[in-house]
Amino acid sequence: MAPSERKSRFMKWLSKLFRSGNNRGGTAGNRNHQLIGDENMVWRAPFRSVDERSRTQKEKEELDHAIALSLAEDSKRPSGYRWQDKDNELARSLQDKNPPIYPPYAPSVPQYNPYGTRICGGCQQDIRYGNYLGCMGTFFHPQCFCCRSCGRPIVENEFSLSGRDPYHKSCFKELAHPKCEVCHQFIPTNRAGLIEYRCHPFWSQKYCPSHEHDNTARCCSCERLESWDARYISVGDGRSLCFECMESAIMDTGDCQPLYHAIRDYYEGMNMKLDQQIPMLLVERQALNEAIVGEKNGLHHMPETRGLCLSEEQTVTSILKRPRIGGHQLIGMRTQPQKLTRRCEVTAILVLYSLPRLLTGAILAHELMHGWLRLKGYRNLNPEVEEGICQVLSYMWLETEVMPGFKNMPSTSTSAASSSTSSSSSKKGGKSNVEQKLGEFFMHQIANDSSPAYGGGFRAANAAVNKYGLRRTLDHIRLTGNFPL
């Protein structure tokens, strides 16, 4: 059979096949309509009888035979030679006139990621072979997934994240879990599983709650707890002193005299001169407590009284010679009893020894104001008024020391510099950063005192002085016994 005849016979058979399919499709279409909704499309398969299925199988066999003959003929032709486009156009036109009943099947082809498509988030190089990690939408070589803190690779199954930075769990705990500044251990959790700790309001010293009840020493000046790696100095009367406060501590009455006279000059500079020479003594804790018992009048700041303005005759034991440090305690102190005779409204001013220069000065300024009020005839003032205005003078003096030039008040730094041989910064006529910070803390203590007389009284007195000035406030107190509103 000639090739042209075989091709013609194949095309006629193909036309017959499409016509018969069209007739069957139309018949089936009358019985089974396509249901098209807004969101769903359901295709119903046409009904076919046994005869139709056998005839279809026969036609399929004939089609396969015709295709095989066509392929055999096509393989005998020279390379690049194909049937004419007319036959292709005919086949396409027949298919357009008889669309298939079922929608075309488009199998999903799995995406193939060739090498080089994954970039390591650590070294920024291609991940070409071997194991890799996926985290936060980024890939890493195992050796490039490193802790942000220590820089070593993270090989554990669990790790911590801060933002997009990974950490070893141990490194993150070291970084974020608070440590006690007393025992230097991680602060434990409470029964609810929460981290509970205490924090000093000024120094921000964090520590375990248990240290408030386990006899951990606390500095009697700055209130900080003793760290396990820095022992405090025992003063000998139940008090302890940290090394920073010890640097400028005033230890005996002789050392304190220059500071006392400097504060008297401070009063005189504000036109509040003290006409009487009031004795001043540095005493131990026990001697101060005994003097408080013998004093008939006056309000004392409990639980710790650091100064006292005496108005009664008493015999007081004062410190004659400063002690020295021996190990972690003060030794070699010499004391001397001294009889105080009343010559005016004020017998003497007593101050607790071994306190830093600025705290000693603040106590002296407070007690001198008590003396000034008594010498000037201010009688029967209620505690909030008397203690409040005395705290204002103490606060004002600290301001001139911590912030020289504040309100153009005279500073006592220069005259008091020679008062303490234990402070190298005072010898040079200036204050160290440590002493400066201590002064700020003492001001913080006065401003945030919670007691009604010392705290509430200060805030009321300070508001009046800021509004009306010190002189007008004192005049109003003399006339009314209260602060001006």
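**Buried and partly exposed sites, and helix packing**

His211 is placed in the loop that runs between strand S8 (206-207) and strand S9 (233-234); helices (H or I, at least four residues) and strands (E, at least two) are DSSP runs, numbered from the N terminus. The model is predicted, so local features need pLDDT of at least 70 and side-chain atom pairs count only at pLDDT 80 or more, while totals for chains, interfaces and linings use all residues. Residues are numbered from 1 along each chain as its sequence is written, and side-chain values use heavy atoms, with hydrogens and water left out.

His211 counts as buried because its relative accessibility is 4% (buried means under 20% relative accessible area, exposed over 50% and partly exposed in between, with a 1.4 Å probe and protein chains only). Leaving aside residues up to four places away in sequence, His211 touches Cys180, Val182, Cys183, Thr216, Leu225 and Trp228, where contact means heavy atoms within 4.5 Å. The loop between S8 and S9 also holds Glu223. Glu223 is not a glycine, yet its phi is positive, at about 75 degrees. With 29% relative accessibility, Glu223 counts as partly exposed. Another residue other than glycine with a positive phi is Gln124, at near 65 degrees. Gln124 is located in the loop between helix H3 (85-97) and strand S3 (133-135). Most residues other than glycine have a negative phi.

In the protein as a whole there are 14 helices and 19 strands. Of its 485 residues, 39% count as buried. Among contacts between residues at least 6 apart in sequence, 58% join residues at least 24 apart.

Helix H9 (residues 383-402) packs with helix H12 (residues 433-447) at an angle of about 155 degrees, and their axes are 10 Å apart. Axes are lines fitted to C-alpha atoms, for helices over the stretch in contact, and angles run from 0 to 180 degrees between N-to-C directions. H9 and H12 are therefore roughly antiparallel to each other (angles over 145 degrees count as roughly antiparallel, under 35 as roughly parallel, 65 to 115 as roughly perpendicular and the rest as oblique). On the H9 side, Gln391, Ser394, Tyr395, Leu398, Glu399 and Val402 meet Gln436, Gly439, Glu440, Phe442, Met443, Ile446 and Ala447 of H12. These contact residues comprise seven nonpolar, four polar and two charged; Ala, Val, Leu, Ile, Met, Phe, Trp, Tyr, Cys and Pro count as nonpolar, Asp, Glu, Lys and Arg as charged, and the others, Gly among them, as polar.

Helix H12 also contains His444. His444 is partly exposed, with a relative accessible area of 24%. When residues up to four places away in sequence are not counted, His444 touches Pro201 and Phe202. The C-alpha atoms of His444 and Phe202 are separated by 7.6 Å, although the two residues are 242 residues apart along the chain.

Helix H13 (residues 452-468) has 17 residues, which at 1.5 Å a residue should span 24 Å, and its end C-alpha atoms, 22 Å apart, agree with this; the expected span is 1.5 Å times one less than the number of residues. Within H13, the buried residues include Ala453, Tyr454, Gly455, Gly457, Phe458, Ala461, Ala464 and Val465. Among the elements that cover the buried residues of H13 are helix H8 (357-375), H9, H12 and helix H14 (470-480).
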